[in-house]
Amino acid sequence: MRTVAVNEGAKTGIFWAAALVLVAIATFVAWPPETESDTQSLIGQPLFPAFSDPLAASVLRIVSFDEEQGELRRFEVAKDETSGVWSLPSRNNYPADASEQMQNAANALVGVKILDIQTDNPEDHSSLGVLEPKVESLEVGDEGVGRLVTLKGDNNSTLAALIIGNKVKGSEEKRYVRIPQQDPVYVVALDDSPLSSQFEDWIEKDLLQLSSIDISNVEIQNYDAALQGGQSLSMKRSYDAKLSVDDANSWKLDSLVHYDEQDTPKTVTLAEGETLATAKLNTLKNALDDLKIVDVAAKPKGMSESLKADKDLVSDNDAVLSLATRGFFPVTQGDILSANGEMIVTLKDGVEYSLRFGNVEGLSTTQNADAEGDEPSTATGANRYLLVTARVNESTFPAPELRSIPKSIEELDAMEAEENTDTAEPSEAMPQEPTSTQTDPAPMPLEAASGEDPSFAEPSAEPPADPADPNADSTSEGPVPNGGAIEDGEASVETPSVEEQDGDNEGGNEDDAEPEQSAVSELEASQPAVSAEESDVVSELSGDGDAADKPMKADDDSSTVDATSGEGVAEDETEEEKQERLEAAQEKIAKENQRALDQRKDKLEAARRRVRELNSRFADWYYVIPEATYRQLRIERGELIEKPSDATADADAASQGPALNFPGFPE
């Protein structure tokens, strides 16, 4: 009996010993590896080993925490999968200029390697600035909250997610980071500047996209408008000015109207010594070239691209309040007045911008954050609301002057004669053909008959004999110029020899002249008669009075040269040939007219296309510009014109000496 009891106890002990061994073995197998050995194996490895293509990122989300307000700020930029267009969902889908910026942001996380593991203790997260920004776990005044950056790709797949904390002391390029929902805090080398949540870093900041050298006209409407008692609108006008810029980049005052206290307009001109404030105007022009925006807000529905207020908008109290709080007031005529005036800027290509300046946006950097906690603009200082629209100034493209198309051969001939007369007008200053009652003032060399310049001939010392007097004695009265006067349009031909030019025959020897006169007579007899009228026309065309008396022949001698058109015209042009010439001229003129119309149409269409592109950006938005930029655009009445000081005027008078005022001479 006793032996049995001992055996049972031994068995129980053995069973317990075996159980303890099994528990020890299980505990040993299940015991996790040491943290140090596990984390050490990650050092030098990529933080996101599966993320290697920065172009795969199509969404960037950044969540940060405002400790003072106790609010989360969300910023998002995304690419439309269908159109490929980037926009800012956190800014009512405002268009983003994000292609390059997004690639830089993605590159900032591609290939980031773990340099060290700082800690895996959650209690250290706050001191390292890597607490996750969660609404449910944060309160006003909480510190140590990091910035959560998430990159997503197709199908909303997460490519990378990282909480960025404080900088490592003594090493500005290193940051403490943590992967959401994990405890270890890593040390990495990270340039987080591309991971910006600032609105202006993700948009096309150059609002107008114009060049100052393309500005041709600027119209300033300087006035102030405000609501009185929340009901009536008061408006005080200061001045209206129209200015233009010439090709030499100089300003010109086209018109200036001042308004007095009773709003009575008065046209003003520059007084003596006054000039436009060129420096101010050039600053204005450069400010337009570099006009940048710092924020946007969505406009109310119902406002057209032309900044007109339709009936629905005027009757919508919320829309009117949205406008009025920003300094824009719809009036019954459908226009919208601005709190601080307007400006119209016209470019050389016909594109015209209308800028309306509203109220000050405010000093707070959180004023524009919406109920969803979108990231606000962090531009410091006051800003100004601005409404912009674009339109085409068609006066930049005046209708071309079209040539009339002749309907008959007679109209064509008359048109060509008129055109050739207009072409010949510059030759009126040339020496004219002597009339039938005048003689040349001096003998001309023989070479002049062949078209050479006779300007070297010396004038006669004695007056020539009157050719109208039949008893005039050429030998006693002096030399006979050009062999005497020829009446009734006959050709005048000079024949003095070279010896006569040298003075050997100064007396005009009649015996020597007879053979030459006989030769001239034979020459005249062999030529067709030329009327005086034709001689004058040909003389104008040829520039040589003597040579013009000879009828002109076309090169092939098949037709004479038309005296009115200068073109070869067949002597016996048939009706068919006339019709062909008419049709050719009609076709040529029609093509020229169409070419001029097409050129205007192309320029006009290019301007309209550009305006459509601009208004597609401007239509839905209030813009916010820096107050400093607005001050460069706002020129007060006393700043537009510069008046010379008395000291300057006295100095100028002293340097010029006594004033000389001759009749008809400008002072």
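These legends walk through several close-up views of the predicted model shown above. Residues are numbered from 1 along each chain as its sequence is written, and side-chain values use heavy atoms, with hydrogens and water left out. Because this is a predicted model, local features need pLDDT of at least 70 and side-chain atom pairs count only at pLDDT 80 or more, while totals for chains, interfaces and linings use all residues.

**View 1. A sheet with strand 6 in its order.** Here is an open sheet of 9 strands with antiparallel pairing and the order 4-3-2-1-6-7-8-9-5. Strand 4 (94-95) and strand 5 (114-119) stand at the edges with a single partner strand each, so one side of each has no neighbour in the sheet. Helix 3 (residues 99-109) packs on this sheet, touching strand 1, strand 2 (71-79), strand 3 (86-88), strand 6 and strand 7, and its direction makes about 110° with that of strand 6. Helices (H or I, at least four residues) and strands (E, at least two) are DSSP runs, numbered from the N terminus. Two strands pair if DSSP finds at least two bridges between them, and contact means heavy atoms within 4.5 Å. For the angles, axes are lines fitted to C-alpha atoms, for helices over the stretch in contact, and angles run from 0 to 180 degrees between N-to-C directions.

View 2. In strand 6 (residues 147-152), 6 of the 6 residues are buried, so the strand is largely enclosed by the rest of the structure. Buried means under 20% relative accessible area, exposed over 50%, and partly exposed in between (1.4 Å probe, protein chains only). In a regular strand the side chains alternate between the two faces of the sheet. Both faces of strand 6 are covered, with Arg147, Val149 and Leu151 buried on one side and Leu148, Thr150 and Lys152 buried on the other.

**View 3. The partners of strand 6.** Strand 1 (residues 59-66) pairs with strand 6 in the antiparallel sense over 5 bridges, and Val63 stands opposite Leu148. Strand 7 (residues 158-168) also runs antiparallel to strand 6, joined to it by 6 bridges; look here for Thr150 opposite Ala161. The hairpin of strand 6 and strand 7 has 5 residues between the strands, and Asn155 in this hairpin takes a positive phi near 60°.

View 4. Strand 5 and strand 9 (residues 185-189) pair in the antiparallel sense over 4 bridges. To find your bearings, look for Ile114 and its bridge partner in strand 9, Val188.

View 5. Strand 19 (residues 351-360) and strand 20 (residues 383-392) run antiparallel, joined by 8 bridges, and Arg356 stands opposite Leu387 in strand 20.

**View 6. Helix 14 along its length.** With 44 residues, helix 14 (residues 575-618) reaches 64 Å from its first C-alpha to its last, close to the 64 Å expected at 1.5 Å a residue; the expected span is 1.5 Å times one less than the number of residues. Its buried residues include Leu582, Ala585, Ile589 and Asn593.

**View 7. Selected salt bridges.** A search of the whole structure finds 29 salt bridges, each a side-chain nitrogen of Lys or Arg within 4 Å of a carboxyl oxygen of Asp or Glu. Asp263 forms one with Arg237, the closest N and O atoms being 3.0 Å apart. Asp263 lies in the loop between strand 12 (251-259) and strand 13 (265-267) and Arg237 in strand 11 (residues 232-245), so the pair ties together parts 26 residues apart in sequence. Lys643 forms another with Glu274, with the closest N and O atoms 4.0 Å apart. This pair links distant parts of the chain, 369 residues apart. Lys643 is exposed, at 64% relative accessible area, whereas Glu274 is buried, at 17%.
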